[in-house]
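This report covers selected packing features of one structure. The sequence and model come first.

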Amino acid sequence: MMTVTPSQIRRAEDLRGRHAIVLGLARSGVAASRFLADAGAEVTAYDRRPAPELSEAIAALEGRPVRLALGVDEGAATRLLAAADLLVTSPSVSARFPTTDPWLREALTAAETRGAEILSEVDLFLRLTRARILGVTGTKGKTTTASLVAAILEAAGLPTVLGGNIGTPLVERSLVLGPDTWAVLELSELQLPTISRGADVALYTNIGADHLDRHGTVEAYQAVKARLAELTDSDGRVVLNHDDDGCRALGDRLSAPSLAWYGEERPGRGRDEAWVEDGWIVLAGERLMPSDEVPLPGRHMRANVLGAALAASLAGAAREAVTAAIRGFPGVPHRLELIAERGGVRWVNDSQATIPVAAIAGLEAFDAPIVLIAGGRGKGLDYAAFADAIAARARAAVLIGETAEDVAALVGARVPLRRVMNMDEAVAAAADLAEPGDVVLLSPAAASFDMFVDYAARGDAFRLAVDGLEADR
């Protein structure tokens, strides 16, 4: 058995000569492989997929001396991991996730036992960068909020990069970003378990329940979410949603001077707060802008705006920049994204709503009758409240995917339902059901993996189907 290098990675020089295995050749794996090779590590990239399926990823390595172990069997992969003193994992790979293959969990556990370092691309960036960190996490709303924070900081003239669970992996920029740069990181429950430091500003959208297939219990999931705040230095700030039970519970366990709060009503916990009063967004006691000028629909989107405004102001953004960025923010793809409007019907892509609470927020975002398209792969969550929201807010629902039958049983006869087999059929059925003034809303309340590679592919399929429908009529 190999002898493990005892020193932890804290500087780029610590990577030279390390025997590194990168698990997974998606975007973050490619970036990590390039960075490690450039830093002088001996790099092997492992992926269960064979080389013909990874031609783009292989080309993106750009000729670096990276050994490829693609499509190899479990025995060969286990031997590779046993020879490594550094493992950089894909976010979904962990010895603690039951969704990770048993043989790989055993190999990762053995690596930890012998002292090998196991980290993610995000944690490698966090260890090495001098940039200031504004981390955004939560059960829902992370992508919109992180994107808006970055837009505000850019409008304020502050050097800013956006990464983590969104955008381009940042590890290859870890050595060039200076302390005057803000790195805005969207951090999911997949990335949080491996991080070794917190943020200068940690922003929480909410802390509910999700991914119980990986974490087992709500308490375990929430403990992972709390990690960002718990690792934040005493001179950092933690920005919490006062309207959210999970955020309030987390705040009760943290040092009060570090906390800043936002909510629909004034939290009343200090000066650094954001809220809505008399139709105005109020930031630190001063009116910022009329709340009806926020371009994003729905109360939950307004909460995202409040949190982003407060966090960005704590990072140094001037009020004028905050207001200008909010007014000009178009939203993000796949999150209440208006993709078409014709015949008086709006078609809205909310594919990123992969849990019931997010889809409920989508249903509540519009003051119009809704024809809902929902369904996908479940995450072990309760769909009763989602079914009640469908009954209360939807004119009709079109159900697809593995959760369709369960949702249909919960909705019952309260709303007209159609069960279809694919996205093209779903869009055609929704077009038949919709009337002028309606919103056709794709808000699945489930993961996409029963039919698509990810939520973005599902949203793209919805867009294509809507485009095709328009061409046929």
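Six strands make up an open sheet of mixed pairing, ordered 15-16-20-17-18-19; two strands pair if DSSP finds at least two bridges between them. Strand 15 (337-342) and strand 19 (417-419) each have a single partner strand and stand at the edges, so one side of each lacks a neighbour in the sheet. From one strand to the next the twist averages 15°. Helices (H or I, at least four residues) and strands (E, at least two) are DSSP runs, numbered from the N terminus.

Strand 17 (residues 370-374) runs parallel to its partner, strand 20 (residues 439-442), over four bridges. Ile373 has Leu442 in strand 20 as its bridge partner.

## Basis of the model

The model is predicted: local features need pLDDT of at least 70 and side-chain atom pairs count only at pLDDT 80 or more, while totals for chains, interfaces and linings use all residues. Residues are numbered from 1 along each chain as its sequence is written, and side-chain values use heavy atoms, with hydrogens and water left out.

## Helices 6 and 10

Helix 6 (residues 142-155) packs against helix 10 (residues 299-314) at about 40°, with the axes 9 Å apart. Axes are lines fitted to C-alpha atoms, for helices over the stretch in contact, and angles run from 0 to 180 degrees between N-to-C directions. The two helices are therefore oblique to each other (angles under 35 degrees count as roughly parallel, over 145 as roughly antiparallel, 65 to 115 as roughly perpendicular and the rest as oblique).

In the contact (heavy atoms within 4.5 Å), Thr144, Thr145, Leu148, Val149, Ile152 and Leu153 of helix 6 meet Met301, Asn304, Val305, Ala308, Ala309 and Ala312 of helix 10.
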